Amino acid sequence: MTSENVIETDGLTKEFKGFRAVNNVRLKVRRGTIHALIGPNGAGKTTCFNLITKFLQPTTGRILYNGRDITASRPHEIARMGLVRSFQISAVFPHLSVLENVRVALQRTLGTAYHFWKPERSVEVLDDRAMDLLEQVGVQSYAKLPAVELPYGRKRALEIATTLALDPEMLLLDEPMAGMGREDIKRISDLIQRVAKDRTVLMVEHNLSVVADLSDRITVLARGEILAEGSYAEVSKDPAVVEAYMGT
Ligand code: ADP
């Protein structure tokens with residue numbers, strides 16, 4: 001089916017001991033867009049993100065992925081369906097080289113198919129594909145370096161490469177720019193834009209200038225509910241949004 005929305009939530013609600021962190025959220029993420037989830041501290045962004053990636057189970061409500069109900073699915077099951085959270089399955093192994101990290105991620109995706117097919121070529125084929133991915137994220141010159149020695153921004157790029165190894169249809173990024181300087185922000189922004197050419201991206205991001213630059217569509221949460229939705233130009237001049245940000 002070719003629904004316009006990759007993700008749709010309906011009545012999504014999460015309570016922690018009676019406190020509603022996410023309240024009746026109806027979120028729609030359109031195919032092929034970069035969609036940002038923003039809002040003041042405590043708005044429910046992380047909880048919402050964890051519900052969609054199935055790291056948390058909703059108290060009530062439904063989550064549809066490509067029209068399919070994934071409310072009861074486990075994180076690894078939805079990852080196999082193509083809905084992948086960066087840094088989820090793809091933790092970086094610090095003492096493996098940059099190239100080996102991507103090779104491991106590819107092996108996980110491809111399983112034993114390559115070995116079965118032509119064992120003597122398997123490493124070579126995987127490494128070609130791994131180098132491709134490293135080039136895409138701009139860390140090819142670090143291929144032989146242990147991952148632990150990568151500068152911070154490049155490590156996040158490597159994490160994205162290991163996620164891309166899973167060939168996701170939709171990428172979920174939890175504060176991809178956290179802790180980054182201006183140069184790294186520029187580099188990761190470019191990368192997200194390239195990745196989003198043939199994928200859908202949903203991200204939680206605090207840096208509003210990044211959100212303004214990257215996002216096609218924005219959902220603003222406050223006190224667990226959707227306060228506004230639209231382009232950056234639209235939501236940034238919404239009085240309710242201005243007030244929610246000023247009030248924190
Ligand atoms: P945001 O990411 O927008 O800052 P969160 O989703 O982290 O907001 O949190 C929303 C609200 O839910 C906050 O008031 C937070 O204290 C509360 N909360 C989040 N996780 C838990 C938890 N595991 N137990 C109890 N309260 C929680």
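Colleague: In this predicted model, what does helix H10 (residues 239–246) lie across, and at what angle does H10 run to S11?

Modeller: Helix H10 lies across strand S10 (217–222) and S11, and its direction makes an angle of about 125° with S11.

Colleague: What makes S7 and S11 the edge strands of their sheet?

Modeller: The sheet is open, with six strands in the order S7-S8-S9-S4-S10-S11 and mixed pairing. Strand S7 (83–85) and strand S11 (225–230) are its edge strands, because each of them pairs on one side only, and pairing requires at least two bridges between two strands.

Colleague: How do you know that S8 and S9 pair?

Modeller: At least two bridges are needed for two strands to pair, and five bridges join strand S8 (residues 170–174) to strand S9 (residues 200–204), the two running parallel; one of the residues involved is Asp 174, whose bridge partner in S9 is Val 204.

Colleague: Why is H5 called oblique to H6?

Modeller: The axes of helix H5 (residues 122–137) and helix H6 (residues 152–164) come within 9 Å and cross at roughly 135°. Angles over 145 degrees count as roughly antiparallel and those of 65 to 115 as roughly perpendicular, so H5 is oblique to H6.

Colleague: Which residues make that contact, and how do they divide into nonpolar, polar and charged?

Modeller: H5 contributes Leu 133, Leu 134, Gln 136 and Val 137, while H6 contributes Ala 157, Leu 158, Ile 160, Ala 161 and Leu 164; these residues divide into eight nonpolar, one polar and no charged.

Colleague: Why is helix H1 described as largely enclosed by the rest of the structure?

Modeller: Seven of the eight residues of H1 (residues 45–52) are buried, so the helix is largely enclosed; among the buried residues are Cys 48, Phe 49 and Leu 51.

Definitions and conventions. Residues are numbered from 1 along each chain as its sequence is written. This is a predicted model: local features need pLDDT of at least 70, side-chain atom pairs count only at pLDDT 80 or more; totals for chains, interfaces and linings use all residues. A residue is buried if 20 or more other C-beta atoms lie within 10 Å of its own, exposed if 12 or fewer, and partly exposed in between; C-beta atoms are placed from the backbone. Helices (H or I, at least four residues) and strands (E, at least two) are DSSP runs, numbered from the N terminus. Two residues are in contact if their C-beta atoms, placed from the backbone, lie within 7 Å. Axes are lines fitted to C-alpha atoms, for helices over the stretch in contact, and angles run from 0 to 180 degrees between N-to-C directions. Angles under 35 degrees count as roughly parallel, over 145 as roughly antiparallel, 65 to 115 as roughly perpendicular and the rest as oblique. Ala, Val, Leu, Ile, Met, Phe, Trp, Tyr, Cys and Pro count as nonpolar, Asp, Glu, Lys and Arg as charged, and the others, Gly among them, as polar.
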